[in-house]
Amino acid sequence: MKTCLLYFLIAFQVDVVAQQMKYYNFINQAEELFVTRRDATCFEYYELAFHAKARYFAKDAYIAAQIAYYLKENKHTVTYLKRAFELGLPFTA
């Protein structure tokens with residue numbers, strides 16, 4: 001029984017780490033696309049990242065909002081700012 005529980009916990013942990021790595025990869029691809037192309041294609045990867053089963057970071061949503069503001073994408077700016085505040089970004093930031 002203990003061995004079965006141990007295998008379950010290890011499998012669960014591996015899945016959690018894999019989902020987190022998927023999140024980081026999508027965030028990195030989004031930021032790289034913005035830097036290289038300077039267009040809105042990066043938002044596809046931000047959406048994939050924020051829909052992954054992972055722990056999100058307020059700074060990533062805030063950076064996405066800054067990019068959206070730079071590209072004059074008002075809808076995305078509001079969406080990502082809202083997400084950043086929901087994740088704990090203080091209003092004073």
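Author: Let's start at Cys 42. Leaving aside residues up to four places away in sequence, Cys 42 touches Ala 30, Leu 33, Phe 34 and Ile 67. Please keep in mind that this is a predicted model.

Cys 42 belongs to the largest nonpolar core, which has 22 residues. Cys 42 is listed there with Phe 43, Tyr 46, Phe 50, Ile 67 and Tyr 80 as the residues with the most contacts inside this core. The elements that each give two or more residues to the core are α1 (2-37), α2 (42-50), α3 (58-70) and α4 (74-86). As background, nonpolar side chains tend to be buried together in soluble globular proteins.

The chain has 4 helices and 0 strands, and its elements run α-α-α-α from the N terminus on. Of the 93 residues in the chain, 29% are buried. Among contacts with a separation of 6 or more, 55% join residues 24 or more positions apart.

From α2, the contact uses Phe 43, Tyr 46, Glu 47 and Phe 50, while α4 supplies His 76, Tyr 80 and Arg 83. By class, this contact of α2 with α4 has 4 nonpolar, 1 polar and 2 charged residues.

Next, look at α3 and α4. The axes of α3 and α4 come within 8 Å and cross at roughly 160°. Angles over 145 degrees count as roughly antiparallel, so α3 is roughly antiparallel to α4. The crossing of α3 and α4 is left-handed. On the α3 side you will find Ala 58, Ala 61, Tyr 62, Ala 64, Ala 65, Ala 68 and Tyr 69. They meet His 76, Thr 77, Tyr 80, Leu 81, Arg 83 and Ala 84 in α4. The residues of this contact divide into 10 nonpolar, 2 polar and 1 charged.

Tyr 80 is one of the residues with the most contacts inside the core.

Methods. Residues numbered from 1 in each chain as written. Predicted model: local features only at pLDDT ≥ 70, side-chain atom pairs only at ≥ 80, totals over all residues. Heavy atoms only, no water. Core = buried A, V, L, I, M, F, W, Y, C linked by side-chain atoms within 4.5 Å. Buried < 20%, exposed > 50% of the residue type's maximum accessible area, 1.4 Å probe, protein only. Contact = heavy atoms within 4.5 Å. Nonpolar A, V, L, I, M, F, W, Y, C, P; charged D, E, K, R; others polar. Axes fitted to C-alpha atoms, helices over the stretch in contact; angles between N-to-C directions. Parallel < 35°, antiparallel > 145°, perpendicular 65-115°, else oblique. Left-handed = near helix turned anticlockwise from the far one by under 90°.
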